[in-house]
Amino acid sequence: MSDCIFCKIARQEIPATVVAETELSLAFWDVAPKQPIHILVIPKAHHANVSELASESPNALVDLVQLGSTVAKELSQGSFRLTFNSGSEAGQTVFHAHGHITSVTPKEQVA
Ligand code: 5GP
Ligand code: ZN
């Protein structure tokens, strides 16, 4: 979609701090992190939310979860959340499917 901010990030039309990608998915830092680790994982193709992604492109959803897990393993001590806000009442503000990878403890802080 031409006016979708995450489509623009996927097309590299606007900058993002990218941490990893696959053919289908892109992982980058949230512009306003709410945890010490806060990464967004998106499908490169536009889907409005995770439910539509699941029905329209299930392989892209699996790829997104796998990429998010890899990034979480690299950046955190191993415990993390993967959350999808779906619908404005649930807090979704960007209507391009995305998972939030959040964790309180970066890897380097573990004794
Ligand atoms: P939602 O509220 O839709 O679940 O999550 C949207 C997230 O996208 C928010 O945490 C917000 O900080 C982040 N965000 C919004 N615009 C941008 C942007 O242009 N770049 C990046 N990296 N994150 C963004
Ligand atoms: Zn989009």
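**View 1. Contacts of M1 in the predicted model.** Leaving aside residues up to four places away in sequence, M1 touches C7, R11 and H46. The structure shown is a predicted model. M1 sits in the segment before α1. M1 counts as exposed because its relative accessibility is 52%, and the cut-off for that class is over 50%. Between the C-alpha atoms of M1 and H96 the separation is 9.3 Å, although these residues are 95 apart along the chain.

**View 2. The largest pocket and its lining.** The space in the largest pocket comes to about 390 Å³. Its lining consists of 20 residues, and F6, F28, D30, V31 and L40 are the ones that lie nearest the centre. Two or more lining residues come from each of the elements α1 (5-10), β2 (25-29) and β3 (37-43). With three residues, α1 gives the largest share of the lining. By residue class, the lining of the largest pocket holds eleven nonpolar, seven polar and two charged residues.

**View 3. The surroundings of ligand 1.** Ligand 1 is surrounded by 17 residues, and the closest of them are D30, N85, G91, T93 and H100.

**View 4. Polar contacts to oxygen atoms of ligand 1.** A polar backbone atom of T93 is 2.7 Å from an oxygen atom of ligand 1. For V94, a backbone N or O atom lies 3.0 Å from an oxygen atom of the ligand. K34 takes part through its side chain, where an N or O atom is 3.1 Å from an oxygen atom of ligand 1.

Methods: Residues numbered from 1 in each chain as written. Chains lettered and ligands numbered in written order. Predicted model: local features only at pLDDT ≥ 70, side-chain atom pairs only at ≥ 80, totals over all residues. Heavy atoms only, no water. 1 Å grid on protein atoms, 1.4 Å probe; cavity = no way out; pocket = protein on both sides within 12 Å on 5 of 7 lines; lining within 4 Å. Points joined across faces, edges and corners; volume = space filled by probe spheres on them. Helix = DSSP H or I, 4+ residues; strand = E, 2+ residues; numbered from the N terminus. Nonpolar A, V, L, I, M, F, W, Y, C, P; charged D, E, K, R; others polar. Buried < 20%, exposed > 50% of the residue type's maximum accessible area, 1.4 Å probe, protein only. Contact = heavy atoms within 4.5 Å. Near = heavy atom within 4 Å. Polar contact = N/O pair within 3.5 Å; in protein donor to acceptor, adjacent residues only side chain to side chain.
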